[in-house]
Amino acid sequence: MEKYFNVGKIVNTHGIRGEVRVISRTDFPEERYKVGNTLLLFMPGSKEPIELTVKSHRTHKNFNLLTFEGYDNVNQVEKLRDGILKVPETQRGKLEEDEFYFQDIIGCLMLTTAGEELGKVVEILTPGANDVWVVKNGKGKEVLIPYIEDIVKKVDVNEKVIVIEPIEGLLS
């Protein structure tokens, strides 16, 4: 069975010409929403995706605005609202060394260089200069670990293990 990756969610319509507002969940919006690209729309409660071809893409405030071929007015796109846009795993691009997809990091076990187990990465925050990995231990306590070279020493997405060198005060 093929795996799919979320690239965005249609949250509303925009105007009357078939444009939709998308909250993007991809680091590559220019690539994913390129004119002519195919996206799969998964609607709540539906098993089969709807195949959509991007007709136009622009950004407005915090949204990506898209139109799709064959959808020319607000009445046609209204029914697409709340759908999740996905791409198949085969369209997942290659990353540079030391770059990772969020879904590869989430679920990884985090250890210190001394071998202490901190827990699993449950979420990734993107507040600005660098990502912050949210690690939850077995007791439900969360620790925030900034993804910076001085702290994160090794990431092995195949083994689902991350090794960090905590700086003073990071774990307290």
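**Strand pairing and pockets in a predicted model**

Strand E8, residues 117–125, and strand E9, residues 132–136, pair in the antiparallel sense over 5 bridges. Within this pair, Glu123 stands opposite Val134 in E9. The coordinates come from a predicted model, and everything below should be read on that basis.

E8 and E9 belong to an open sheet formed by 6 strands, in the order E10-E9-E8-E7-E12-E11. The pairing in this sheet is mixed. Strand E10 (142–146) and strand E11 (152–156) are the edge strands, and each of them pairs on one side only. From one strand to the next, the twist averages 35°. In the order of the sheet, E9 stands between E10 and E8, while E8 stands between E9 and E7.

The sheet is part of a protein chain that has 3 helices and 12 strands. The chain has 172 residues, of which 33% count as buried, meaning under 20% relative accessible area. Taken along the principal axes, its C-alpha atoms fill a box of roughly 60 × 35 × 30 Å. Contacts can also be sorted by separation along the sequence: among those between residues at least 6 apart, 48% join residues at least 24 apart.

The largest pocket has a volume of about 390 Å³. It is lined by 15 residues, and Asn6, Arg25, Thr26, Phe102 and Gln103 are the closest to its centre. Two elements, strand E1 (4–14) and helix H3 (102–105), each supply at least two residues of this lining. E1 gives the most, with 4 residues. By class, the lining of the largest pocket has 7 nonpolar, 4 polar and 4 charged residues.

The second largest pocket holds about 210 Å³ of space. Of the 13 residues that line this pocket, Asp27, Glu99, Phe100, Phe102 and Asp131 lie nearest its centre. Its lining divides into 8 nonpolar, 1 polar and 4 charged residues.

Which residue is named near the centre of both pockets? Phe102 is listed among the closest to the centre of the largest pocket and among those nearest the centre of the second largest pocket. Phe102 also falls within the range of helix H3 (102–105), which supplies at least two residues of the lining of the largest pocket.

Conventions
Residues numbered from 1 in each chain as written. Predicted model: local features only at pLDDT ≥ 70, side-chain atom pairs only at ≥ 80, totals over all residues. Heavy atoms only, no water. 1 Å grid on protein atoms, 1.4 Å probe; cavity = no way out; pocket = protein on both sides within 12 Å on 5 of 7 lines; lining within 4 Å. Points joined across faces, edges and corners; volume = space filled by probe spheres on them. Nonpolar A, V, L, I, M, F, W, Y, C, P; charged D, E, K, R; others polar. Pairing = 2+ DSSP bridges. Axes fitted to C-alpha atoms, helices over the stretch in contact; angles between N-to-C directions. Buried < 20%, exposed > 50% of the residue type's maximum accessible area, 1.4 Å probe, protein only. Contact = heavy atoms within 4.5 Å.
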